[in-house]
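Dear colleague,

Please find below the structure that I am handing over to you. Kindly keep it open while you read the notes that come after it.

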Amino acid sequence: MAFNIKNLMNAATTGEAGAIEKDFAEIRLDYEKIIVTKHNKYSMDEIEELAAGIEMAGCLHEPLILGRVNGEYWLASGHRRRAAIEMLVQGGAENFRVVNCRYKDMTETEFRLHVLIGNAFNRHYTDYDKMIEAEEWKNALKQAQREKLLILEHGERVRDYVARIMGTSAAVIGDYNRINKNAVPEVKEQFEKGEMGVTAAAAASQLPESEQKEIAGRVAAGEDIKAQEIREMVDAKKGEEKEKRSIAEQKADQMSDTDTNEEEKENVRRLHALKMLEKYYIYMSDEEVGILERMLEDCKRRKREYGLDDVGSTV
């Protein structure tokens, strides 16, 4: 069956995991033949507890979900379960080496989308995790656009799709993007720890780096800095920058007037010298004529290089 990205995203939005995996075939594989790719960027915890549960049950209750990409089996969903199986086998429990899986042939872009959807079903996210997920969705959907797997309707944005899939608003996705793109590492660290919320971290990311670091330091020291306070700092900074721009523009206008007057004077001087040559050219030596000819060729070359317009004639 052809890949349908909108059906996939609709299933992610409604939480229908079965609808996503209904076209997958069953297979049993040695866990070492299942490739864990770079596309899963989330931390994994409680692997020992999960391994103990699998050992007590005698097998995996749920199969691993794979994408077969260029003949290789890539792990799309079940990273913690595979890690637990690896722990058991390395501990001597060889009977867990071969595991039940479900797979489907995919392109790499299709695989990335399945990884994201699998994580959405099977993980509990912090706000920091959601920021990472939003970035992953954005990149995956833009790649899908380039491959013509996703065609947006007029007025639709990738951000709107990401928001719908993650069950939030486009404004919140915008906040995640600002934090991810503009926040200094110190602010991201406090955000990851949960010491700063989305609104506060997004507001802080609009400040200069030095002020972001100062806020992060105060938060790390235990100070409770509200998002409203940070927004007021941002507004004050914007007011200062606006005033500075206004002053700079006034100075630039004044300098422009002065420069124009000086440039006009210089052009008049040049034109006067050329006009005088029209009166006295008969007194020029051959060497001086040669110099003028070379100067003229040099001027023509500059005009071509800079794409300048003709400025008229001396007559």
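The notes below describe what was found in this structure.

This is a predicted model, in which local features need pLDDT of at least 70 and side-chain atom pairs count only at pLDDT 80 or more, while totals for chains, interfaces and linings use all residues. Residues are numbered from 1 along each chain as its sequence is written, and side-chain values use heavy atoms, with hydrogens and water left out.

Two surface patches may be considered together. Patches consist of residues with over 30% relative accessible area and no salt bridge, where like charges are joined within 9 Å and nonpolar side chains (Val, Leu, Ile, Met, Phe, Trp, Tyr) within 5 Å. A salt bridge is a side-chain nitrogen of Lys or Arg within 4 Å of a carboxyl oxygen of Asp or Glu. Accessible areas come from the Shrake-Rupley method with a 1.4 Å probe, and for residues only the protein chains shown count as cover.

A patch of negative charge on the surface is formed by Asp45, Glu46, Glu48 and Glu49; Asp and Glu count as negative, and the place of a charge is taken as CG of Asp or CD of Glu. Asp45 is found in the loop between β2 (34-35) and α3 (47-57). Helices (H or I, at least four residues) and strands (E, at least two) are DSSP runs, numbered from the N terminus.

The nonpolar surface patch covers about 470 Å² and is made by Leu271, Leu274, Leu277, Ile291, Leu292 and Met295. At least two of its residues come from each of α12 (227-280) and α13 (286-306). Leu277 belongs to helix α12 and is partly exposed, because its relative accessibility is 31%, where buried means under 20% relative accessible area, exposed over 50%, and partly exposed in between (1.4 Å probe, protein chains only).

Most residues other than glycine have a negative phi. Asn70, however, has a positive phi near 55 degrees; it lies in the loop between β3 (64-69) and β4 (72-77) and counts as exposed at 76% relative accessibility. Lys148 has a positive phi near 65 degrees, sits in the loop between α6 (127-146) and α7 (158-166), and is exposed at 65%.

How many disulfides does a search of the whole structure find? The search finds zero, a disulfide being a pair of cysteine sulfur atoms within 2.5 Å. Cys101 is buried, with a relative accessible area of 2%, whereas Cys299 is partly exposed at 46%.

Yours sincerely
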